[in-house]
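This report describes the strand pairing and the ligand shell of the model shown below. Please read it alongside the sequence and coordinates.

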Amino acid sequence: MKIALCGLGKAGVQLVRLATERQGVELSMAFCRDGSDKAGKTISDVFPYKGFSSPIFELKSAGEVFLSDKPDVLVDFSSPDATMELLPLCAANGVKMVICTTNFTSEELALLEKTAKETQGFGLVYAPNITLGVNVLMELVEETSRYLPEFDYAITEKHHNRKEDVSATARKIAKRLENVLKKPVPVNSIRVGGYVGLHEVMAVGEFERITLIHESFSRQAFANGALLAADYLLCRTGYFEMRDVVMDYFGKR
Ligand SMILES: NC(=O)c1ccc[n+]([C@@H]2O[C@H](COP(=O)([O-])OP(=O)(O)OC[C@H]3O[C@@H](n4cnc5c(N)ncnc54)[C@H](OP(=O)(O)O)[C@@H]3O)[C@@H](O)[C@H]2O)c1
C-alpha cells in the first residue's frame, strides 16, 4: 500500500515511525505547507528515521505530483485549510483520503461527505476519532445509555495545553448519547501539560455512578488507526467513518 502523508507534526511523525515497522506499507511522499523549508527535502532529512528517500512537496503541487506518482491513500493530520485544498486534488486523481484532522465547519464536513459520495473512484474515511479503543468506548457508552436512560451523563476530555478546539471525539460521544437520551449531554474540556488524549464519560444516578475512561498515552495509537482505515479504503469507494472501519475490523477477527 502506497501512502502519502499531509501534516508533519506530532501525529504525522508517528505515521512515519509506524511506516518504518509495517511490512507492505510504503510512505511514498509527504506534503508540507506552501513555502515551508521542508519542501524539496526527504522524509529522512526532516525526521530521525533513516532510509526514507521519499520526497516532501508543497501542498500546492499535489495535483501535479499525483499525475506522475499516485499514492493509494493520503493520510491527513494537518489543518482544515490543508484538507480542503487537498480534497479536490485527491478526488480528481482517485487518491483516497483518511482524514484525521479535526475542527472543520459544518459546511466543510458536508463538502467532504458530498465529494466522497459523488466522485467516482474516490473514497474517504472521516476519522476525528481514529483509535480502536475510543471507538469501543463509544459503543460501550451508547449501550450504557440504552440500559440507563434515566441517569445523567457528562463527558470530560483532557488534552495537551496546545490543543485549541474541543475534542471532536467528545462531541461525537455526546451526539450519540443525545440520540438515545433525547437530552443534552455536557462536554467539559481540560487543557493541561502534555496529555495525549483522555475521554471520560460519567453516568450518574441518584445512588450510584459508572465511569468509562479511554486514554491514549502514545500517538502511535493514532497512526495505527490511520493505517487500519487506509487498508479498509483500498478496495472501497464512498464516504465512511471510523465506526465502519472498526466494525469491519472486529467482524474479521
Ligand atoms: N483523529 C484523531 O484521533 C486525531 C489524533 C491526533 C491529532 N488529530 C488532529 O490532527 C491534526 C494535527 O494534529 P497534530 O497534533 O499533529 O498537530 P501539529 O503538531 O500542530 O501538526 C500539524 C501539522 O500540519 C501542518 N499543516 C497545518 N496547516 C497546513 C497547511 N495549510 N498546509 C500544509 N501543512 C499544514 C503543520 O505544518 P507547520 O509546521 O508548517 O505549521 C504541521 O506539520 C489536528 O487537527 C488534530 O486535532 C486527530
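## Pairing around β7

Lys158 has Ile190 as its bridge partner in β8, and in β9 its bridge partner is Leu198. Helices (H or I, at least four residues) and strands (E, at least two) are DSSP runs numbered from the N terminus, and two strands pair if DSSP finds at least two bridges between them. Strand β7 (residues 152-159) pairs with β8 (residues 187-191) in the parallel sense over five bridges, while its pairing with β9 (residues 197-204) is antiparallel, over seven bridges.

## Basis of the model

The model is predicted, and local features need pLDDT of at least 70, side-chain atom pairs count only at pLDDT 80 or more, and totals for chains, interfaces and linings use all residues. Residues are numbered from 1 along each chain as its sequence is written.

## The seven-stranded sheet

Seven strands form an open, parallel sheet in the order β3-β2-β1-β4-β5-β6-β11. Because β3 (56-58) and β11 (238-241) stand at the edges with a single partner strand each, one side of each is left without a neighbour in the sheet.

Within this sheet, β4 (residues 73-76) and β5 (residues 96-99) run parallel and are joined by four bridges, with Leu74 opposite Met97 in β5.

## Ligand shell

The ligand is surrounded by 24 residues, the closest being Gly9, Ala11, Ser79, Ala82 and Ile130, where a residue is near if its C-beta atom, placed from the backbone, lies within 6 Å.
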